[in-house]
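Here is a short briefing to read alongside the model. Please take a look at the sequence and the structure first, and then go through the points by topic.

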Amino acid sequence: MLCQHCNQNEATTHIKKNINGHCEETHLCSKCAEELGVMEEFKMPSMNDLFGNSFLGNFLGAGVAAMNSLAGVERCQTCGSSFNDIVNSGHIGCSDCYEKFADRLEPSVRKIHGKTKHIGKFISYDEKEEQNKTEQKADTNHLDTLKEQLKTAIKEQRFEDAAVLRDKIKELTEGGNE
């Protein structure tokens, strides 16, 4: 198959685009693909891109950290991550990052997980007891409310409502004894 751009050389690069359900195929030779900049996104970075022009990139990035510290960028002492690194990658560098950036991470953690305190996969017995006490208080408050509503219904001579309330109270008290 010939290159669709120059119509002279054999096509070695085949590009298939699917935009909103519309498929488009392009066949190019290596020279035309390079001229059109098609292969730029697949190009491997050079050593110069990785390490910069200085001696081993100022010892493999030490210069970048020094430049960031001069610019006022806060970094974790353990892993060297900045808050921007965490935002861009979506990954927290290490456990010390939680402490270093706690004030900025807390709103996101709260949105995602609902709580900021990690209690593990299984709830401890203390947590279960605390949860049971909270539920019992809620049940007691609900029972007290129903009893007040029952008294009001009897005073106002709404006996059908009173019978329904009585049954609910009976169900709650008998359900708690089982």
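In this predicted model, the charged end of R104 sits over the ring of F83, 4.9 Å from its centre; the rule asks for NZ of Lys or CZ of Arg within 6 Å of the ring centre and within 35 degrees of the ring normal. Local features need pLDDT of at least 70 and side-chain atom pairs 80 or more, while totals for chains, interfaces and linings use all residues. Residues are numbered from 1 along each chain as its sequence is written, and side-chain values use heavy atoms, leaving out hydrogens and water.

**Around F83**
- One aromatic pair is counted, where Phe, Tyr or Trp (six-membered) rings need centres within 6.5 Å, with planes under 30 degrees apart called stacked, over 60 edge-to-face and the rest tilted.
- The ring centres of F83 and F101 are 6.0 Å apart and their planes lie at 50 degrees, so this pair is tilted.
- F83 belongs to helix α4 (residues 83-89), whereas F101 is in the loop between α5 (95-100) and α6 (102-113), 18 residues apart; helices (H or I, at least four residues) and strands (E, at least two) are DSSP runs numbered from the N terminus.
- Both F83 and F101 are buried, meaning under 20% relative accessible area with a 1.4 Å probe, protein chains only.

**The hairpin**
- Strands β1 (residues 13-19) and β2 (residues 22-28) run antiparallel, joined by seven bridges; pairing takes at least two DSSP bridges.
- K16 stands opposite E25 in β2.
- Two residues separate the strands of this hairpin, and N20 in the turn has a positive phi of about 50 degrees.

**The whole chain**
- The protein chain has eight helices and two strands.
- Of its 178 residues, 16% count as buried.

Terms used
Buried < 20%, exposed > 50% of the residue type's maximum accessible area, 1.4 Å probe, protein only.
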